[in-house]
Amino acid sequence: MGLISWERRRRSAANGAAALLASVAAIALSAPSAQAQQASAPTDQSKGTDQQKAPPGGATLLDRILVLSRTGETAIQSLASASHVDQEQLDRRMATTPNEMLFGVPGVAAQADARRVSTSINIRGLQDFGRVAVIVDGARQNFQRSDHGTQSTFYIDPELVKSVDVIRGPVANTYGSGAIGGVVFFDTKDAVDFLKPDETWAGSVTGHYESNGKGWTTSATGAYRINENWDVLGNIVYRDYDNYKDGDGDTVNGTGFDVLSGLLKTTIRPTENSELKLGWVGSSDGWNETSGGLPVNDVDLKSNTFTARYNITDEDKSWLDLHINTSYNKTNLDLTSLAPQNRFDPVTGLPVVLPAGSLSTFDVGTTGIDIWNTSRFETNGIAHELTYGGDWVGDNVKTGGAAGGDSFYTPSGKRNVSGAYVQDKLTWDWLEVVAGLRYDSYSLKDDMHDISGDRLSPRVTVGVSPFESAGLAGLQFYGTYAEGYRSPSITETLISGNHPAGVSFPFLPNPNLRPETGKTTEFGVNYKQNDIFEPGDALRLKAAYFNNDVDDYIDGVTLSPFAPGSGCPFGPGIPICFQYQNFAKAKINGFELEGVYDAAWGYAGLSASITDGHTISYKGVEADLATIPSSQVTAQLGLRFLEDKLTVGGEVQYNGKPKGNAVATDYTLINAFASYQATDNLKVDFRADNLFDVKYANPLNGSTTVAVYEPGITLKLAATMRFGG
């Protein structure tokens with residue numbers, strides 16, 4: 001690109017930023033003065049351990065109780081690598097996709113290709129096929145479609161979410177089978193988060209514009225308090241985005257989309273000590289898939305999640321803290337070809353033409369039940385929190401369509417995974433011990449195969465707080481050894497047929513796949529201190545080193561028909577074969593850091609993660625692991641003005657090239673934001689992402705030859721009007 005053209009585009013972006021900032025200033029100057037108030041929503045006042053309790057004075061995000069926790073812990077109390085993202089952070093990020101909600105969370109990366117609306121989460125270099133359990137209001141998101149990019153995806157609109165909890169590593173094995181990488185829990189909004197204490201009803205309308213892709217988002221929320229023990233909330237969101245431009249100003253085809261999402265939730269409190277939440281989250285998405293820059297498929301996706309969560313907790317009955325969660329998630333994806341496509345017949349391997357209008361269908365239904373109870377008691381001066389429970393998840397996959405269509409390569413079938421566990425958290429003075437044992441079993445079958453397996457997985461954690469002096473009293477060290485168990489997925493086990501386009505070669509099923517076993521050792525430190533430089537300030541810090549050996553790691557391999565014993569049949573037109581096989585292990589290690597300092601004037605945050613890993617074959621051959629994300633350092637600074645009504649700040653994030661990734665490069669992103677609570681009923685948000693228009697690609701999206709470039713400079717402006725009575 002020529003210098004003059006580059007400068008012209010830079011000035012245009014700067015003029016756009018100035019115009020948006022001027023709009024914010026005009027609204028701010030015209031708004032009447034209001035008493036100071038927090039920008040975040042009112043605190044959830046519901047009963048039960050699922051609530052989001054406001055932290056005390058001199059506290060930070062790491063003091064928020066994790067919705068994911070089964071013993072009511074905050075992130076800073078947890079003897080594990082845990083993070084929490086709250087409503088204030090989500091508002092500040094003005095997220096369009098799930099990827100943006102997780103910005104700066106250490107050890108976590110998100111993969112979304114050009115279509116953006118569907119996302120796969122990577123924790124510590126592990127992703128896809130259930131290695132990371134993605135949960136929305138207690139419902140597992142297990143949709144999977146065979147593709148060149150990510151295999152397992154989900155979608156939740158950020159406008160519906162009030163908080164995100166992350167637990168990294170197999171210490172999360174009380175939250176379901178297979179999560180050897182970790183768990184990400186999205187908790188959607190409740191009426192009690194939206195209604196003020198003296199309100200019976202309330203509503204809000206949000207308008208959100210983005211310069212890159214000329215995207216519009218409109219969102220409407222309504223809540224009603226039927227009585228003090230029964231409330232309901234509804235939310236509807238519509239997004240309409242064109243293709244965005246990368247850092248060089250080039251349009252990235254296939255990145256436009258439109259999506260309609262909704263949420264309906266009611267909370268009933270039958271007694272003073274119990275609570276029932278019934279919820280529905282749904283979305284209807286549409287976009288075009290491209291090949292060679294041209295649209296080839298029209299995609300229609302519909303997702304519906306139904307949940308019921310009941311808990312009963314009685315302070316007079318320390319043995320009772322019971323939770324019962326049930327859920328059903330159904331995802332339907334239809335692909336309609338927009339033009340004739342040259343393909344290979346999946347059975348014969350002979351050339352065929354997939355005519356325009358051909359349909360491929362993917363229907364994945366996931367049913368889940370999760371029950372647990374925590375009993376609290378003491379023995380000989382030792383406090384116990386004994387948690388025990390069980391869970392079951394069933395996947396039912398049905399695919400269909402024309403021969404040569406994409407759905408043929410995602411096999412139909414059923415899989416059931418279940419487990420039971422017991423865990424005791426023992427606390428005595430400066431010593432804390434967590435000991436747990438989980439039993440997992442699975443079964444997988446189609447018309448020709450019936451496969452099953454089971455295993456016991458232990459966890460032991462020891463934490464010590466050895467210091468009593470004022471400066472070191474908040475210092476805690478811990479060490480953990482934990483194991484997790486992931487059964488093979490339907491696709492990994494049963495995929496078959498011939499490659500659909502380009503070069504014809506067979507996919508080979510592998511019913512002999514062994515489950516993966518993650519074995520993690522972790523050493524960490526937690527530190528919390530208040531009133532350091534001024535009254536009411538707070539410092540929180542978490543850091544950890546981990547080493548994860550995944551025995552019998554499963555990955556796709558290419559086989560030669562000329563290699564003896566490869567299982568790849570020798571014949572005309574068979575250059576290679578593809579099959580999912582076990583490796584002896586994948587070895588992954590790394591370091592993570594998360595810290596925040598909070599004071600009356602503002603806050604400062606720093607997070608970092610360095611991950612390295614490789615696979616080892618049974619012959620001892622090492623190879624780079626393609627799912628290793630960028631090493632990352634993120635610094636954040638926010639300043640508060642006008643009695644906390646105005647917050648301005650910025651973010652700097654450095655991303656380092658993963659070893660062995662052919663298309664990745666080092667890059668640094670700089671973002672800026674401002675949030676102004678103009679009146680009790682008007683809030684204005686502004687954000688500028690990728691201020692310096694860096695051209696970069698997510699390394700997880702790269703291959704040996706192709707990179708999907710992310711958006712260049714993007715200016716965002718949103719206004720929210722609220723009313724109630």
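## Aromatic pairs and charges over rings

Trp-428 counts as partly exposed because its relative accessibility is 41%, and Trp-430, also at 41%, falls in that class as well; here buried stands for under 20% relative accessible area, exposed for over 50%, and partly exposed for what lies in between, with a 1.4 Å probe and protein chains only. The model is predicted, so that local features need pLDDT of at least 70 and side-chain atom pairs count only at pLDDT 80 or more, while totals for chains, interfaces and linings use all residues. Residues are numbered from 1 along each chain as its sequence is written, and side-chain values rest on heavy atoms, without hydrogens or water.

Rings of Phe, Tyr and Trp (its six-membered ring) pair if their centres lie within 6.5 Å, and are stacked with planes under 30 degrees apart, edge-to-face over 60 and tilted otherwise; this rule gives 13 aromatic pairs.

| Pair | Centre to centre | Angle between planes | Class |
|---|---|---|---|
| Trp-428 and Trp-430 | 5.9 Å | 65 degrees | edge-to-face |
| Phe-533 and Tyr-597 | 5.8 Å | 70 degrees | edge-to-face |

Phe-533 sits in the loop between strand E25 (516-530) and strand E26 (538-551), and Tyr-597 in strand E29 (residues 585-599), so their pair ties together parts 64 residues apart in sequence; strands (E, at least two residues) are DSSP runs numbered from the N terminus. Phe-533 is exposed, at 69% relative accessible area, whereas Tyr-597 is buried, at 13%.

Elsewhere, ring pairs join Phe-129, Phe-505, Phe-507, Phe-578 and Tyr-580 in a cluster. A charge sits over a ring if NZ of Lys or CZ of Arg is within 6 Å of the ring centre and within 35 degrees of the ring normal. Arg-124 lies over the face of Phe-546, 4.0 Å from the ring centre, and the charged end of Lys-695 is placed over the ring of Tyr-709, 4.4 Å from its centre.

How values were computed: Helices (H or I, at least four residues) and strands (E, at least two) are DSSP runs, numbered from the N terminus.
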